[in-house]
Amino acid sequence: MAQKINEAHEHIAKAEKYLKTSFMKWKPDYDSAASEYAKAAVAFKNAKQLEEAKEAYLQEAEAHTNNRALFHAAKALEQAGMMLKDMQRLPEAIQYIERASMMYVENGTPDTAAMALDRAGKLIEPVDLSKAVDLYQRAASVFENEERLRQAVELLGKASRLLVRQKKFDEATVSLQKEKNMYRDIENYPTCFKKTIAQVLVHLHRGDYVAADKCVRESCSIPGFSGSEDCVALEQLLQGYDQQDEDQVSRVCNSPLFRYMDNDYAKLALSLTVPGGGKKKKAVAAPGDGGVNGGADRPEEEDDEYAGGLC
């Protein structure tokens with residue numbers, strides 16, 4: 001270990017020498033200095049001197065920046081962030097990765113910027129869901145600007161699920177709608193159906209039956225949705241919810257269609273309750289008519305708005 005530390009300091013000394021100017025050397029040799037700082041960082045890392053390794057990576061990043069090698073500077077910043085991650089200093093680590101992502105954009109490599117933000121989101125997710133949502137949304141925006149909708153919508157999906165997990169349902173509805181619009185743009189209609197189910201569950205947890213109903217009606221314009229298993233299940237769910245039929249709501253929410261959704265949405269389904277928590281009353285046959293009412297004393301049945309389906 002001592003040998004690695006001495007080796008690292010030798011590389012630091014060489015780097016500083018490359019940065020010096022003289023009468024015969026007017027310009028610092030940033031490229032060579034950056035190379036020596038990188039070697040020093042690796043040596044410090046192997047010696048478990050993570051703080052020193054982080055500083056060496058930052059010096060490497062500065063040398064690359066001065067040499068206008070922004071891509072390599074960003075890579076060095078990411079490595080500095082990884083050293084902080086290993087020291088359990090995640091918020092600081094994320095800051096360096098965010099700086100790296102901005103450099104990638106400035107360098108003209110936005111895809112790499114988006115992937116860096118995605119990695120940062122994964123790192124911070126276990127300790128800070130809100131920050132992870134922000135990082136995933138920003139990464140999605142970068143991909144969207146590059147018209148890479150498949151990558152963008154995948155990241156939006158991560159953000160939506162984390163918003164639901166935090167019970168930030170108002171924000172989740174906006175995120176899910178954007179997701180669904182993107183899936184529609186890339187003509188992935190079956191996934192649009194699943195996003196509609198997620199939207200309805202979120203709306204009902206917000207207590208907004210009208211928005212949930214409207215969501216299903218609007219989805220009927222998606223090719224293949226009307227009459228699909230998803231559509232029929234949602235119509236049954238809304239009917240049960242509207243009529244305060246807890247049994248029907250529970251039956252739909254416990255069906256495989258709902259239980260095998262992404263975990264955060266499956267939990268929404270299983271925890272959904274109807275207003276009042278009542279059970280639909282079953283019709284009682286009049287005595288002596290064998291269970292069939294001749295019609296003379298039976299009140300006229302109310303129109304059922306779900307009889308023909310929402311679509």
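A: In this predicted model, E36 and K39 sit 3 residues apart in helix 2, about one turn of the helix. Helix 2 covers residues 30-46. K39, in contrast, is partly exposed, with a relative accessible area of 41%. Leaving out residues up to four places away in sequence, E36 touches H11, K14, A15 and Y18.

The side chains of E106 and R68 meet in one, at 3.8 Å from N to O. E106 belongs to helix 5 (residues 90-107), while R68 is in the loop between helix 3 (50-66) and helix 4 (70-86), so this pair ties together parts that are 38 residues apart in sequence. E106 is exposed, with a relative accessible area of 54%, and R68 is also exposed, at 57%.

R206 and D170 make another salt bridge through their side chains, with 2.8 Å from N to O. This pair links distant parts of the chain, 36 residues apart: R206 is in the loop between helix 10 (189-205) and helix 11 (209-219), and D170 is in helix 9 (residues 169-185). R206 is partly exposed, with a relative accessible area of 33%, whereas D170 is exposed, at 53%. Salt bridges also link E51, K54, E55, R89 and E92 in a network. The whole structure has 26 salt bridges.

L156 gives a view of another helix. This residue is in helix 8, which spans residues 149-165, and is buried, with a relative accessible area of 5%. Beyond its neighbours within four places in sequence, L156 contacts A140, S175, K178, E179 and M182. The C-alpha atoms of L156 and K178 are 8.0 Å apart, although 22 residues separate the two along the chain.

As for the protein as a whole, its secondary structure consists of 15 helices and 0 strands. Of its 311 residues, 44% are buried. Among contacts between residues at least 6 apart in sequence, 59% join residues at least 24 apart. The average pLDDT is 90, and 89% of the residues score at least 70. Residues 280-303 have a pLDDT below 50, and this stretch makes 5 contacts in the model beyond near neighbours in sequence.

Conventions. Residues numbered from 1 in each chain as written. Predicted model: local features only at pLDDT ≥ 70, side-chain atom pairs only at ≥ 80, totals over all residues. Heavy atoms only, no water. Helix = DSSP H or I, 4+ residues; strand = E, 2+ residues; numbered from the N terminus. Buried < 20%, exposed > 50% of the residue type's maximum accessible area, 1.4 Å probe, protein only. Contact = heavy atoms within 4.5 Å. pLDDT = per-residue confidence, 0-100. Salt bridge = Lys/Arg side-chain N within 4 Å of Asp/Glu carboxyl O.
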